[in-house]
Amino acid sequence: MKINEITKLETTELVEKLENAEAALQQMKLNHAITPLENPSQIKGARRDIARMKTVLRQRELNK
């Protein structure tokens, strides 16, 4: 997910997507531990998306 897409989302939508992304990351890690993923860089991409979402949320929190 690009930063432009993230900044366009409402805060409630962003929190919801963040929770879903964190759950998906945990599931990916678990699946990767059992049977290796075809593309393990998906984990890195998911982690970075989560970091982007958290950054935007923190910026909004500080700007209030």
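View 1. Lys54 has a relative accessibility of 44% and counts as partly exposed. The model shown here, as in every view below, is predicted. The side chain of Lys54 meets that of Glu22 in a salt bridge, with 3.4 Å from N to O. Glu22 belongs to helix α2 (residues 11-34) and Lys54 to helix α3, so this pair ties together parts that lie 32 residues apart in sequence. Glu22 is also partly exposed, and its relative accessible area is 30%.

**View 2. The salt bridge between Arg52 and Asp49.** Arg52 and Asp49 form a salt bridge in which the closest N and O atoms are 2.7 Å apart. Both residues are in helix α3, 3 residues apart, which is about one turn of the helix. With a relative accessibility of 33%, Arg52 counts as partly exposed.

**View 3. The salt bridge between Arg58 and Glu61.** In this pair the closest N and O atoms are 2.6 Å apart. Arg58 and Glu61 are 3 residues apart in helix α3, so about one helical turn separates them. Arg58 is partly exposed at a relative accessible area of 42%. Glu61 has a relative accessible area of 51% and is exposed, because the cut-off for that class is over 50%. A search of the whole structure finds 3 salt bridges; among them is this one between Arg58 and Glu61.

**View 4. Leu57 and its contacts.** Leu57 is a residue of helix α3. At 18% relative accessibility Leu57 counts as buried, because buried means under 20%. Leaving aside residues up to four places away in sequence, Leu57 touches Thr11, Leu14, Val15 and Leu18. One of these contacts, Thr11, is 46 residues from Leu57 in sequence, while the two C-alpha atoms are 7.2 Å apart in space.

View 5. Lys29, Lys44, Arg47 and Arg48 form a positive surface patch. Helix α3 (residues 41-63) gives the largest share of the patch, 3 residues. Arg47 is part of helix α3. The relative accessible area of Arg47 is 46%, and this residue is partly exposed. Residues in a patch need over 30% relative accessible area and no salt bridge, so Arg47 at 46% passes the area cut-off.

**View 6. The whole chain, for orientation.** The protein chain has 3 helices and 0 strands, and from the N terminus on its elements run α-α-α. Along the principal axes, the C-alpha trace spans about 45 × 15 × 15 Å. Among contacts between residues at least 6 apart in sequence, 69% join residues at least 24 apart. The chain exposes about 5,000 Å², and carbon and sulfur atoms supply 50% of this area. There are 12 positive and 9 negative charges in the chain, and their mean positions are 8 Å apart.

Technical notes: Residues numbered from 1 in each chain as written. Predicted model: local features only at pLDDT ≥ 70, side-chain atom pairs only at ≥ 80, totals over all residues. Heavy atoms only, no water. Patch = residues over 30% accessible without salt bridge, like charges linked within 9 Å, V, L, I, M, F, W, Y side chains within 5 Å. Areas by Shrake-Rupley, 256 points an atom, 1.4 Å probe, with all protein chains shown as cover. Salt bridge = Lys/Arg side-chain N within 4 Å of Asp/Glu carboxyl O. Lys, Arg positive; Asp, Glu negative; His and termini not counted. Charge placed at Lys NZ, Arg CZ, Asp CG, Glu CD. Helix = DSSP H or I, 4+ residues; strand = E, 2+ residues; numbered from the N terminus. Buried < 20%, exposed > 50% of the residue type's maximum accessible area, 1.4 Å probe, protein only. Contact = heavy atoms within 4.5 Å.
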